[in-house]
Amino acid sequence: MIAVICWDRPGPDAGATRLALLKAHLAHVETILDRLLIAGPLRDDAGAICGSLLVWKTDSVDEAKALMAHDPYAQADIWGSVEYRAFSGAAGDWVGGAAWKQPKA
C-alpha cells in the first residue's frame with residue numbers, strides 16, 4: 001500500500017479552488033474507487049479542510065503518482081506538498097483487529 005499525504009497550499013486560494021472543483025474531484029474518485037483503500041480530507045484544529053489523505057492499493061510509488069496525476073485537485077495544483085510513503089495496515093477495524101494475529105492467505 002502507498003499512503004499519500006497532501007497539504008494544501010497556504011492562503012485562501014486552495015480552499016476556493018477545492019470547493020470549485022469538488023464535483024469534478026468526487027466524479028474522478030468514483031472512477032478509481034477500486035484502487036483506493038481509503039481517502040478523505042484532512043482538517044485543521046478549527047475543522048477547516050487543509051489537505052487530503054489517500055491510501056492506494058499498490059506497492060508502487062510510481063503507480064500512486066500516476067493515479068494522483070489524474071485528480072482535478074492535483075491538476076489545479078491546490079496541494080503545496082505531497083508525500084508518498086509505503087504503508088502497512090497493522091491494527092484496527094480496517095485490518096480486522098491485530099493483523100499480525102490473522103492467518104496468512
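Begin by selecting T58, which is buried (under 20% relative accessible area, where exposed means over 50% and partly exposed lies in between, with a 1.4 Å probe and protein chains only), since its relative accessible area is 9%. This is a predicted model, in which local features need pLDDT of at least 70 and side-chain atom pairs count only at pLDDT 80 or more, while totals for chains, interfaces and linings use all residues. Residues are numbered from 1 along each chain as its sequence is written, and side-chain values use heavy atoms, with hydrogens and water left out.

Stay with T58, which sits in the loop between β3 and α3; helices (H or I, at least four residues) and strands (E, at least two) are DSSP runs, numbered from the N terminus. Leaving aside residues up to four places away in sequence, T58 is in contact (heavy atoms within 4.5 Å) with M1, I2, R35, E63 and A64.

Next, select the strands, where two count as paired if DSSP finds at least two bridges between them. They form an open sheet of 4 strands in the order β2-β3-β1-β4, with antiparallel pairing. β2 and β4 (79-86) are at the edges, each with a single partner strand, so one side of each has no neighbour in the sheet.

Now show strand β2 (residues 36-43) beside strand β3 (residues 49-56), where 7 bridges join the antiparallel pair, and find A39, which lies opposite L54 in β3. Between β2 and β3, which form a hairpin, there are 5 residues, and G47 in the turn has a positive phi of about 95°.

Finally, move to strand β1 (residues 2-8), which pairs with β4 over 7 bridges in the antiparallel sense, and select D8, whose bridge partner in β4 is W79.
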